[in-house]
Amino acid sequence: MKVTRTKTMKRLMLRALPPVLIVLLIGSGGLAMDRGELAKVLKTIPPNGPFWKYGNVVMRAKSRKAGMAPVVFAHWSHRSRYTCRVCHQELGFSMRQGDTGITRREYLAGKYCGACHNGTIAFSVKEGPRQNCKKCHMENTKDLEKQFATFSDNLPMSTFGNGIDWAYALREGSVKPANMLNNAGDAFDFPEKLRKPLKLGTSSPRSDVSFSHEEHFAELDCSSCHPDIFNIKQKSTASFTMDANIYGSFCGACHMLVAFPMNDCKRCHRSMSNSADY
Ligand code: HEC
Ligand code: HEC
Ligand code: HEC
Ligand code: HEC
Ligand code: HEC
Ligand code: HEC
């Protein structure tokens, strides 16, 4: 089923957002953390902000020193064109805000943003008859917000994050991100023996999570997760618990910032609902 968004639906959804996180932890034993404590942690998940803001990264450390407005990078507009792999493996952007330490000298030499913003693939970073400085060094974000409205109009909806079901958009082909920028070498085939989803979690039926390597490999590289985030052996990753996810570790490294956020319980816990009675 494909849902097309309308302005009214959007407004309704925005209104329906906040009440989601009342979590009652009734039921089975075998939890890794005391239930009452986990309930408290679950309640700390920030409510979903405006859709257009989710996954935006503000870079200001270097700009501020140079008297330039901060740079606002929107994941949504870029991830519809390129997989995570292109930027986070091929072009070497870090997955931590501010960590790449981009300088003007570097991007003018064709690194980072400059790999694409060269006047051919996308508008240029260079000085010239047309200056595009303000497109990245944003004095305000009004245009970005407007662009989002047009951008998201024909994409399948979800309740959280960007309000876009990216996984579905990818499957049905309404976004077709390129897997590589410079066709240097072939990406290797997906290993057959990883095709079966892994069962993660404890013995508690509520922690029953199925993890698909295949779905993640469509966007990411093995090195996005191994060995830094997860061990390459099932059930061997130390301290891998739901509360750690919420603090931004493990699944939360992406699923709190760019991929659909932790509020969306049922997308990982298929048998849970997103409401109080999960
Ligand atoms: C066009 C390039 C590009 C693409 C494509 C891209 N990213 Fe990023 N990503 C960035 C940049 C730039 C940053 C900020 C890095 C910095 O501040 O040093 C970033 C930061 C992040 C962060 C940290 C955000 C924060 O607020 O701390 C995460 C997590 C992340 N990316 C995940 C992803 C995932 C998952 C995908 C694919 C769905 C993806 N990225 C696709 C360029 C990209
Ligand atoms: C892999 C290629 C690629 C990389 C890397 C990349 N961009 Fe883009 N970017 C594009 C394309 C393509 C467009 C859309 C075409 C255009 O507007 O010229 C775009 C558009 C934009 C826009 C216009 C508004 C929007 O979101 O559509 C901004 C702002 C922007 N990029 C900022 C950045 C910044 C900042 C970086 C580095 C941190 C960056 N981009 C890295 C390809 C890239
Ligand atoms: C495609 C996006 C993009 C465009 C266009 C762009 N910049 Fe930047 N610029 C960045 C990013 C990303 C940083 C690093 C941000 C930070 O850490 O504060 C940066 C940082 C800077 C810095 C401070 C860092 C340093 O090395 O001195 C200056 C100065 C700067 N830009 C000038 C400009 C000028 C002038 C223009 C227009 C001619 C321009 N930029 C256009 C993305 C862009
Ligand atoms: C991105 C995927 C993801 C999302 C979204 C998610 N979880 Fe989890 N959750 C997990 C994983 C993975 C585990 C198993 C961790 C482990 O091995 O203990 C887990 C475990 C749990 C457990 C069992 C705790 C334990 O210690 O055994 C509970 C309860 C739970 N999650 C509740 C929630 C609730 C409530 C939400 C929504 C607010 C949610 N989860 C959203 C991935 C997710
Ligand atoms: C989005 C993150 C992510 C990506 C990308 C990823 N993995 Fe994994 N992988 C995991 C998780 C989570 C586990 C389970 C770890 C645990 O339970 O402690 C795992 C487990 C494994 C295991 C052990 C399976 C078993 O049955 O014991 C192998 C082998 C593996 N990964 C290989 C790969 C390879 C090869 C790639 C690239 C094709 C890859 N992974 C990409 C997250 C990822
Ligand atoms: C390195 C980044 C990254 C990590 C780590 C990661 N994911 Fe994801 N995951 C993604 C991206 C990107 C998508 C595509 C959908 C989106 O962006 O919302 C995705 C999609 C999914 C989907 C598919 C949802 C659907 O509707 O088809 C599930 C389920 C999921 N992730 C669970 C997990 C679990 C469980 C973990 C931890 C074991 C995890 N992910 C770790 C990036 C990540």
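These legends describe an overall view and two ligand close-ups of a predicted model.

Residues are numbered from 1 along each chain as its sequence is written, while chains are lettered from A and ligands numbered from 1 in the order in which they are written. In this predicted model, local features need pLDDT of at least 70, side-chain atom pairs count only at pLDDT 80 or more, and totals for chains, interfaces and linings use all residues.

**View 1. Overall content of the protein.** The protein has 14 helices and four strands (DSSP runs numbered from the N terminus: helices are H or I, at least four residues; strands are E, at least two). Of its 278 residues, 19% are buried (20 or more other C-beta atoms within 10 Å of the residue's own, C-beta atoms being placed from the backbone). Take the contacts between residues at least 6 apart in sequence: 55% join residues at least 24 apart (contact: C-beta atoms, placed from the backbone, within 7 Å).

**View 2. The shell around ligand 1.** The shell holds 24 residues (C-beta atom, placed from the backbone, within 6 Å of the ligand). Nearest are H78, C84, C87, Q97 and T100. Strand 1 (56-59), helix 4 (75-79) and helix 5 (84-90) each give two or more residues. Helix 5 supplies the largest share, four residues. By class, 13 are nonpolar, seven polar and four charged (nonpolar: Ala, Val, Leu, Ile, Met, Phe, Trp, Tyr, Cys and Pro; charged: Asp, Glu, Lys and Arg; polar: the others, Gly among them).

**View 3. The shell around ligand 3.** Here 23 residues surround the ligand. K62, S63, T103, C133 and C136 are the closest. Two or more residues come from each of helix 3 (61-65), helix 6 (104-108) and helix 7 (133-136). The shell splits into eleven nonpolar, six polar and six charged residues.

Definitions and conventions: Buried ≥ 20, exposed ≤ 12 C-beta atoms within 10 Å, placed from the backbone. Contact = placed C-beta atoms within 7 Å.
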